[in-house]
Amino acid sequence: ISIKKRPLHTLPLERPPDSSKGTALVMIDLNPMRGEFVGGGIPRTAGGHPYNPLAGGYTFDDDCYWESCTELREIRDFAVWHMVSPYAVLACVLARIVAATPPHIVLPALVGASYGSLNFGVVLLGGPSSGKDTAYTTAEHLVPDVRGAYEGAPATGQAVSAIFAVRSESGDGYRTEFVNGRAILRYTEISTLQALMGRKESTLRSTLLDVFSGHRIGETTKDRSLSVVIPDHGYRGIPVISAQPSSIDVFTNGYGVGLQQRFLYVSALSDRIANLRVDFRDTTPEPDTTMFPYDQGILPADLPAEIMGKVYSEGGYGKLALEGMEGARYELKPMTFPKIVEEHVIFDRIRTNSMDSPASPTAHSTYMRMKLAAAMHLLRLGSGGDPLVVSEEDWELAGVLADDSAKTFEDARKQSDIMRSERMAERMKLTDDASDVAETQRAKKVEDRIMSLLENAPSHELSRRSLHNSISKRQREVLSPALENLMRSGRVRASSKGAGGEWYKLI
């Protein structure tokens, strides 16, 4: 299948049967743990037909995607051999490559007059032991060099700014001093991020929103020594968050402000891992990689530290900041995209402006796909090409990744809804059970009260009215069932009817 002739994101989910390669579905009469697969319509065992999980054997719906270029194929094979989700590893690889890309490399100004940022976030979704953190550490082997990027979990919006710059005394005042131009904001526990964003007066959520667009971050405070403000496109920030599907609300709660749309969602689980044989490593050696470890030398070079210092001290890429050494000019460098992308952006802007409520879960989908296309282009630079020229093929590859992200997010949301419903049902059951217990205990107290009243009454006999008037208002609600239970147990009998209604006598 030619990517150029047929966009990958429009490929049908069903693949035509191929007797030489097998089937994308796990057949109920086959056991992939034993290496069985379909060949010529006949189930065969691994004995005469060795199963290679990295080449041959089962086929999958997305094989054409992973086989479309050397880089993707090697990421898939490396991830599967190490039993980690290929999509999760790919997302982390792209995150690390973009983190290593200089912040002055930007997206073109297709909407508005300002450039866009390459910054984006990654959410690794999966339950305990699903391989979320393993996917990230696996990507570290493929992209070990991130050009000194900070990797950690800042607790506040102010802490994010402090990664990139500090305030230092300068003459009779203070100035912002450049420290580091890049960071991977790595939150290994979503509960930690949730707690940090939930703090009173926390600016972490709003800072993450600004990081996505490369906007100025930081705060101007009364104490000028603490006023650390990072200029537009003066930094590279890539949040990578591990989360369980049940915690997807952390992102959907930011629906109104667009937090949800700023991330690439990938699953830590994969059918490719589910179809591995226990002994697959006996017949499958660790795959070689020709494009990895990733060579950061093919990326555009950073601006000199003294120039970045000037950008920070001047508050942006102003006239003074653009004057480099020996008359050279340092400025933002936009990547170029094919015409089809511009048309896609225009269509999306028309659609957005036609909506009654632009606050849609897909509001940033085109912007996000452009970021992914740029990241995909940088991933494939080792195969040649201009670092600043994104191809239509990059755009199509990004579309597949964006579609997978949307599906992964929706699956997580549905799973979260199911789990929430189950928890609600369990709470309701516990509440009902507790109510039944409380009702039984209350009836028992009323029975004891009735027995006490009858024992102390003349002839051990009282009218219903007397009993009713001798107990509390809440106890009266269970007077009838209490009397019935006492009569069934043979401790009390109804003696007669007269003044005060039914009379009851102690037996």
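Guide: Helices (H or I, at least four residues) and strands (E, at least two residues) are DSSP runs, numbered from the N terminus. The model is predicted, so local features need pLDDT of at least 70 and side-chain atom pairs count only at pLDDT 80 or more, while totals for chains, interfaces and linings use all residues. Residues are numbered from 1 along each chain as its sequence is written, and side-chain values use heavy atoms, with hydrogens and water left out.

Visitor: Is Asp288 buried or exposed?

Guide: A residue is buried under 20% relative accessible area, exposed over 50% and partly exposed in between (1.4 Å probe, protein chains only). Because its relative accessibility is 69%, Asp288 counts as exposed.

Visitor: How many Å apart in space are Asp288 and Phe78, C-alpha to C-alpha?

Guide: In sequence, Asp288 and Phe78 are 210 residues apart. In space, C-alpha to C-alpha, their separation is 8.1 Å.

Visitor: Why is the pair of Tyr65 and Tyr87 called stacked, and how many residues apart are they?

Guide: Rings of Phe, Tyr and Trp (its six-membered ring) pair if their centres lie within 6.5 Å; planes under 30 degrees apart count as stacked, over 60 as edge-to-face and the rest as tilted. The structure holds ten such aromatic pairs. For Tyr65 and Tyr87, the ring centres are 6.3 Å apart and the planes meet at 15 degrees, so the pair is stacked. The pair links distant parts of the chain, with Tyr65 in helix H1 (residues 63-66) and Tyr87 in helix H3, and their separation is 22 residues.

Visitor: Which residues form one aromatic cluster with Phe251 and Phe263?

Guide: Phe251 and Phe263 form an edge-to-face pair, 5.3 Å centre to centre with 70 degrees between the planes. Phe251 lies in helix H8 (residues 249-252) and Phe263 in strand S12 (residues 263-267), so the pair ties together parts twelve residues apart in sequence. Phe251 is buried, with a relative accessible area of 1%, and Phe263 is buried, at 6%. The cluster that holds Phe251 and Phe263 also has Tyr265 and Phe409.

Visitor: Over the ring of which residue does the charged end of Lys371 sit?

Guide: A charge sits over a ring if NZ of Lys or CZ of Arg is within 6 Å of the ring centre and within 35 degrees of the ring normal. Arg281 lies over the face of Trp81, at 4.4 Å from the ring centre. The charged end of Lys371 sits 4.3 Å from the centre of the ring of Tyr367.
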